Amino acid sequence: MSQQAVHSLWTMAAEAEPLGKIPAPHIEYDQIAPVLIIVGAALVGILVEAFAPRRARYHAQLFVTVVALAASFAAVVGLAAGGHATTKAGIAAMGAIAVDGPALFLQGVILLSSVVAVFTFAERRLDPEAHGNRIDSFAAEPAAVPGSDQEKAAVKAGFTTTEVFPIALFAIAGMLVFPAANDLLTLFIALEVFSLPLYLLCALARRKRLMSQEAAVKYFLLGAFSSAFLLFGIALLYGYAGSVSYARIADVVDGSVRSIDPALADTMGNDALLLIGGAMILMGLLFKVGAVPFHMWTPDVYQGAPTPVTGFMAAATKVAAFGALLRLLYVVLPGLAWDWRPVMWAVSIVTMLGGAIVAITQTDIKRLLAYSSIAHAGFILAGVIATTPSGVSSVLFYLLAYSFVTIGAFAVVTLVRDAGGEATHLSKWAGLGRRSPLVAAVFAVFLLAFAGIPLTSGFAGKFAVFKAAAEGGAGALVVVGVISSAIAAFFYIRVIVLMFFSEPKPEGPTVAVPSPLTITTIGVGVAVTLVLGVAPQYFLDLASQAGTFVR
């Protein structure tokens, strides 16, 4: 057949079947406005870095970041007030994002805790001025080799790293999507969007550069492993259900789907794929939560990262990860509860006991708080296991309480300093209550909240979670939780005794006088801790109203 004839066949075939237009996606921009505002501000921050003169960048970045977080929070409140948390809850962005009570509540918590965390990022009065310039907690030139001439020149010039603000905004954008993701691909993309900026932020400490970089490398390598497990689990669940949509997978698990994709007929409904895939996705999420045995990164990263980043990461990442975990277990795998509950029981018990027992041996305040955060992950998992509406609302309330206590505690850690920067070794904190009674008293409030002492937010949170677990038939778990809390109380109170009842050493550290930014962070932390402890009912009601997931 001649080439011309073949060509005419092609043309005729093309004319015979006109291709339909590709339909444009239908996006509800108003419902995903909180995320869009943060992404837009992050892009503006990059432009500020590129075009604004160095002298103007700090104030411009701080302004853009705080305004964006406030605007995004206003958008979340607007959606909740418009009924999207209750009666109008639904799925947006072509089924990719759920706009419902838990998503909006957790997004609000992430945004509020991010505002106070950003204030610690912007603190520039704690270190003595270097060469006439105020400096912050971040490396003068992160790309320079530690100790090199290039770094020394950057320090001498008084450079500060203002790009931490847009990097943090990208992380926050990912965190906002993570608990609201309604299909597995959106979940994975959100995980990467908030993890990669955090790997970077961990490496940017001004002091102890090598330790900071080591922390970032450990976090990156272990994070890459956990992401790989998550992705493999997504592939297996897709093979099982023929879809990555949460609702579709849940329907296949329940057995309510009859239409089978012929291409997937051999694998659809294969329970081995479901169990292994579900377990792998759980592993990826438990890594982010910091549950035992996926906790190995936590102490090293918390210790090595710049302290403002540690506070931000400890609070916001936990909120986002628990939101995603709740949605996965309550929306996608409720039909598998008989299979995942015993596993989560075991994880919760070893996490509570492991975090509390190992924390006793710590001599560094940041590592102690890291193991404390592992124990708290175990307490929150007790609420997750309840599989009741009160279980969801108790977890939401606990995350709200925990995030502000954590950021406040790490903000106090930034104030206690010696010649080498922050004095994080516990021996340096001896006698702090006599040298600086106000700072020690504030830190004691945060430690008592972590320990779950009455009239603090920690007590209200633990009480809510344990009550939900007991009602959900996990009474034995509550007993383990109370024992773990008693063990944990020992090392919190030991630090308080060290601060108030030890003699201060003559060469001990000093307490730096912070700017209004850090004072605001610590003040908000104390206020939230006491308000949620003394009068928690309004916030518990708010969490219970927001406790229903949309399918």
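1. Aspartate 300 counts as partly exposed because its relative accessibility is 22%, whereas arginine 367 is buried, with a relative accessible area of 19%; buried here means under 20% relative accessible area, exposed over 50% and partly exposed in between, with a 1.4 Å probe and protein chains only. The model is a predicted one, in which local features need pLDDT of at least 70 and side-chain atom pairs count only at pLDDT 80 or more, while totals for chains, interfaces and linings use all residues. Residues are numbered from 1 along each chain as its sequence is written, and side-chain values use heavy atoms, with hydrogens and water left out.

2. The side chains of aspartate 300 and arginine 367 meet in a salt bridge at 2.9 Å, N to O (a side-chain nitrogen of Lys or Arg within 4 Å of a carboxyl oxygen of Asp or Glu). Aspartate 300 lies in helix H11 (residues 297-304) and arginine 367 in helix H14 (residues 365-385), so the pair ties together parts that are 67 residues apart in sequence. Helices (H or I, at least four residues) and strands (E, at least two) are DSSP runs, numbered from the N terminus.

3. Arginine 434 and glutamate 503 form a salt bridge through their side chains, at 2.8 Å from N to O. This pair links distant parts of the chain, with arginine 434 in helix H16 (residues 432-435) and glutamate 503 in the loop between helix H19 (475-501) and strand S5 (510-511), 69 residues apart. Arginine 434 is partly exposed, with a relative accessible area of 45%, while glutamate 503, at 56% relative accessibility, counts as exposed. Elsewhere, salt bridges with shared partners join Glu214, Lys218, Asp300 and Arg367 into one network.

4. How many salt bridges does a search of the whole structure find? The search finds 10. Between aspartate 136 and arginine 206, the side chains meet in a salt bridge at 3.8 Å, N to O, and both residues are buried.

5. Helix H10 (residues 271-289) has 19 residues and reaches 26 Å from its first C-alpha to its last, close to the 27 Å expected at 1.5 Å a residue, where the expected span is 1.5 Å times one less than the number of residues. Glycine 290 follows H10 and has a positive phi, near 85°.

6. An open sheet of 3 strands has the order S4-S3-S5, with antiparallel pairing; two strands pair if DSSP finds at least two bridges between them. Strand S3 (residues 416-418) and S5 run antiparallel and are joined by 2 bridges, and arginine 417 stands opposite threonine 510 in S5.
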